[in-house]
Amino acid sequence: MMMGTALARPERTYMYYRETTRQMNDIGVGSLVIVILIALFIGAVTAVQFSYQLDGTLVPMYYIGYIVRDSTIIELAPTITCLVLAGKVGSNMSSEIGGMRQKEHIDAMEIMGVNTAGYLVLPKIIAALVVIPMLVAIAAFVSVVGGYMAMVFTGSMSNNDYIMGVRSFFKDGNVTMMFVKAIVFAFILTSVSCYQGYYVKGGSIELGKASTNAVVFSDILILLSDYLIASILT
Amino acid sequence: MIRIIDIHKSFNDQEVLKGITTEFFPGKTNLIIGRSGAGKTVLLKILVGLVAPTSGDIFYGDVNFSQLNKKEMRTIRMKVGMLFQGSALFDSMTVEENIRFPLDMFTSMTWKEKALQVDSCLERVNLGKVHKKYPSEISGGMQKRVGIARAIVLNPEYLFCDEPNSGLDPKTSIVIDELIRSITIDQNITTVINTHDMNSVMEIGDNIVLIHEGLLAWRGDNSEVLESTNQTLQQFIFASPFLQRLRSTALERSQEG
């Protein structure tokens with residue numbers, strides 16, 4: 001029902017546009033550092049782990065670059081990034097909207113005649129749908145760089161081997177899958193978080209619970225849809 | 001004018017309003033008074049459509065507000081301004097942005113016209129040079145005045161105030177009361193105030209509605225309050241021992257005189 005109201009025609013497009021750009025900045029720029037840091041270490045750890053697994057086997061070392069690239073593109077970049085964003089952005093959205101509900105800000109907007117579900121939820125969803133796939137793409141790239149740093153800078157592998165691995169067996173369908181996951185996860189984490197905040201009742205304890213529920217439910221739904229998308233697209 | 005007819009409201013099994021019928025007049029400060037838990041806030045929220053009544057009708061002029069769908073309600077709400085108990089100013093916006101918000105959302109005025117309208121509203125509530133301040137940087141009384149400025153920025157026909165004096169000292173309360181009354185008269189607005197402030201009752205109560213245990217217990221104006229023999233009203237007005245002593249002294253003096 002909230003989504004139905006949220007998708008109604010905006011009262012003034014300019015106000016929605018302004019709110020959407022503000023949200024894009026909050027979600028995108030505000031999460032860039034944490035996403036890059038996590039992606040860097042995920043790439044590095046993945047490379048180190050596979051290097052350990054492949055040690056002493058007949059599998060060529062350049063496969064490490066290939067494995068890091070595909071595992072981050074298919075799974076780690078969209079899923080880990082969105083799980084982290086559910087914790088950072090989702091709980092923030094839930095608390096922001098829930099706080100507005102408790103301080104009667106939403107009532108004040110309703111009385112002015114504002115479609116509050118639309119004004120407070122729609123810009124967040126649009127911003128997330130635009131920005132989160134970008135963050136996921138950055139995370140995928142940074143992960144590959146992280147793997148390079150962990151392997152090449154430590155001398156475990158040559159520069160040429162890693163680059164050859166990264167360039168081997170590339171399937172553009174994997175990138176499509178990454179973006180499909182990013183878009184679906186972005187929608188889940190924003191809509192679940194906004195819902196939890198919008199319908200919060202009670203005081204600060206309930207607001208805390210709503211914020212926790214936003215993260216927990218988003219995470220569960222992200223993992224469930226991850227499995228479904230993987231089943232359908234592979 | 002606003003007319004409410006036989007308003008009932010129940011939450012689960014508890015009936016909070018048990019059939020309220022009354023009228024609120026334009027150009028007058030209409031007060032809803034009553035003890036805490038009497039159902040005043042529920043009635044005010046029903047009036048503005050934030051809570052749906054279990055049964056009964058609300059008429060804004062000739063329009064039956066309770067029969068409208070959400071979209072139609074918004075057209076009526078464009079004519080409504082409301083001052084909330086906690087002011088409900090948006091924390092992330094400056095005073096100027098708070099007042100300009102309804103203009104940005106619903107008008108196609110130019111930037112300059114909006115700025116002039118904001119200045120005029122701030123002047124109307126006797127506030128100057130607070131444009132760039134955030135709500136947390138101004139006092140409670142100033143926040144109430146900014147709340148009033150935001151409520152009147154679209155020149156509403158109806159103004160609702162939920163306990164406008166709560167948390168304010170007596171002097172500031174009087175300033176807020178006088179401000180609301182002068183705006184009501186100047187702009188011929190139908191103002192409905194939910195309060196239990198005795199000073200407001202006596203000073204600006206043009207049309208007073210006393211709610212007691214979900215029922216309309218008394219209706220009149222401030223000149224009738226002291227003379228009324230209605231027990232519920234007298235118990236409400238003279239609830240404090242200080243006021244009771246003051247009243248008996250006044251009565252003794254009038255008998256002696």
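## Domains of chain B

The C-alpha centres of domain 1 of chain B and domain 2 of chain B are 26 Å apart. Domain 1 of chain B comprises 2-79 + 158-256, and domain 2 covers 88-155. These bounds come from an automatic or database domain assignment.

This is a predicted model: local features need pLDDT of at least 70, side-chain atom pairs count only at pLDDT 80 or more, and totals for chains, interfaces and linings use all residues. Residues are numbered from 1 along each chain as its sequence is written, while chains are lettered from A and ligands numbered from 1 in the order in which they are written.

## Contact between the domains

In chain B, 11 residues of domain 1 are in contact with 12 residues of domain 2. Contact means that the C-beta atoms of two residues, placed from the backbone, lie within 7 Å. On the domain 1 side, helix H6 (residues 170-187) of chain B gives the most, with six residues. Helices are DSSP runs (H or I, at least four residues), numbered from the N terminus.

By class, that side of domain 1 of chain B has eight nonpolar, three polar and no charged residues. Nonpolar covers Ala, Val, Leu, Ile, Met, Phe, Trp, Tyr, Cys and Pro; charged covers Asp, Glu, Lys and Arg; the others, Gly among them, are polar.

## Contact between the chains

Chain A brings 13 residues into contact with 15 residues of chain B. Helix H4 (residues 105-112) of chain A gives the most to the chain A side, with six residues. The chain A side that touches chain B divides into five nonpolar, two polar and six charged residues.

## Helix H6 of chain A

Helix H6 (residues 159-167) of chain A has the buried residues Tyr162(A), Gly165(A) and Val166(A). They lie on the same side of H6(A) because they cover an arc of only 100° around the axis. The arc is that of the directions from the helix axis to the C-beta atoms. Buried means 20 or more other C-beta atoms within 10 Å of a residue's own, exposed means 12 or fewer, and partly exposed is in between; C-beta atoms are placed from the backbone.

The buried residues of H6(A) pack against helix H3 (63-102) and helix H5 (116-152) of chain A. Exposed Asn160(A) and Arg167(A) sit on the face turned away from the buried side. Just after H6(A), Phe169(A) takes a positive phi of about 50°.

## Asp226 of chain A

Asp226(A) is in helix H8 (residues 204-233) of chain A. Asp226(A) counts as partly exposed because it has 18 C-beta neighbours inside 10 Å. Leaving aside neighbours within four places in sequence, Asp226(A) is in contact with Thr79(A) and Lys181(A). The C-alpha atoms of Asp226(A) and Ala108(A) are separated by 39 Å, with the two residues 118 residues apart along the chain.

Key
Helices (H or I, at least four residues) and strands (E, at least two) are DSSP runs, numbered from the N terminus.
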